[in-house]
Amino acid sequence: MSLNVGVLSIQGDVEENLLSTKTALDELGLDGKVYDVKTPEEISQLDGLIIPGGESTTIGQLSFVNGSLKVIKEKIENGMPVLGICAGMIMLSNSASDRIMGKTDQPLLNILDIKLERNSFGRQKESFEADISLDSINIPKFNGVFIRAPSVSDVGSGVEVLSKFNERIVAIKKDNVIGTAFHPELTPDTSLHKYFINLVKSFKN
């Protein structure tokens, strides 16, 4: 069994996620390939998808224009695991506002019933690192890299809170969908990518 994992490569931290995912596959001893994907045809072949950090409005608009957004939504609703990182978590939400600019008008996947605030911890200069815990998925300590990070202020039914920082929700999960406000690809710790790969393996089985 070979896993096909894609990183949405429209904009953002694509290379870092490709490397982290390849490393996670190697460390787990699993057979699989990691692709940078952007077209509906490429996405339709995947067993799992990572939507990386970057500019959520740009990623959303370009994915909408080329038809990828529709395919991503269909694949997720049919059980394909997805890891949404920072901008990726924003795209997975059904409602996003900006701490400075208020309600945003951007294409969203409407997968997660969450109330999300963009730039929740401040702009680029307020970026920081902090240890967090994701105990419910057996990651007791993880170095969270927060860059213009969003946070979740409220979750709907079925959405599990995986981690909080300063009482703000920074990681969530619902069935086959994971969202993080921080960037796991910017740390040598691959435990979150490995957790995601195991979700993809379960889906493929």
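Let me begin with the ground rules. The model is predicted, so local features need pLDDT of at least 70 and side-chain atom pairs count only at pLDDT 80 or more, while totals for chains, interfaces and linings use all residues. Residues are numbered from 1 along each chain as its sequence is written, and side-chain values use heavy atoms, with hydrogens and water left out.

I turn to strand β4, residues 82-85. Helices (H or I, at least four residues) and strands (E, at least two) are DSSP runs, numbered from the N terminus.

Which strands pair with β4? Strand β3, residues 48-51, pairs with β4 in the parallel sense over three bridges, and L49 stands opposite V82. Strand β13, residues 177-180, also pairs with β4 in the parallel sense, over four bridges; G179 in β13 is the bridge partner of G84. Two strands are said to pair if DSSP finds at least two bridges between them.

Next, the salt bridges. The term refers to a side-chain nitrogen of Lys or Arg within 4 Å of a carboxyl oxygen of Asp or Glu. How many does a search of the whole structure find? The search finds six.

One of them joins the side chains of R148 and E55, at 3.2 Å from N to O. This pair links distant parts of the chain, 93 residues apart: R148 lies in the loop between β9 (139-146) and β10 (151-155), and E55 in the loop between β3 and α3 (56-65). R148 is partly exposed, at 28% relative accessible area, and E55 is partly exposed, at 35%.

Helix α4, residues 68-77, holds both K70 and E74, four residues apart, about one turn of the helix. Their side chains meet in a salt bridge at 3.0 Å, N to O. K70 is exposed at 58%, and E74 is partly exposed at 36%. E77 and K73 also lie in α4, four residues apart, and form a salt bridge of 3.3 Å, N to O. E77 is exposed at 53%; K73 is partly exposed at 25%.

Among the buried residues of α6 are F196, I197 and L199.

Finally, the largest pocket. Which residues lie closest to its centre? Of the 16 lining residues, they are G54, E55, C86, I147 and R148. Helices α3 and α5 (87-92) each supply at least two residues of the lining.

On a 1 Å grid over the protein atoms alone, a pocket is an open set of points where a 1.4 Å probe fits, with protein on both sides within 12 Å along at least five of seven lines; lining residues have an atom within 4 Å of a point.

Conventions: Buried < 20%, exposed > 50% of the residue type's maximum accessible area, 1.4 Å probe, protein only.
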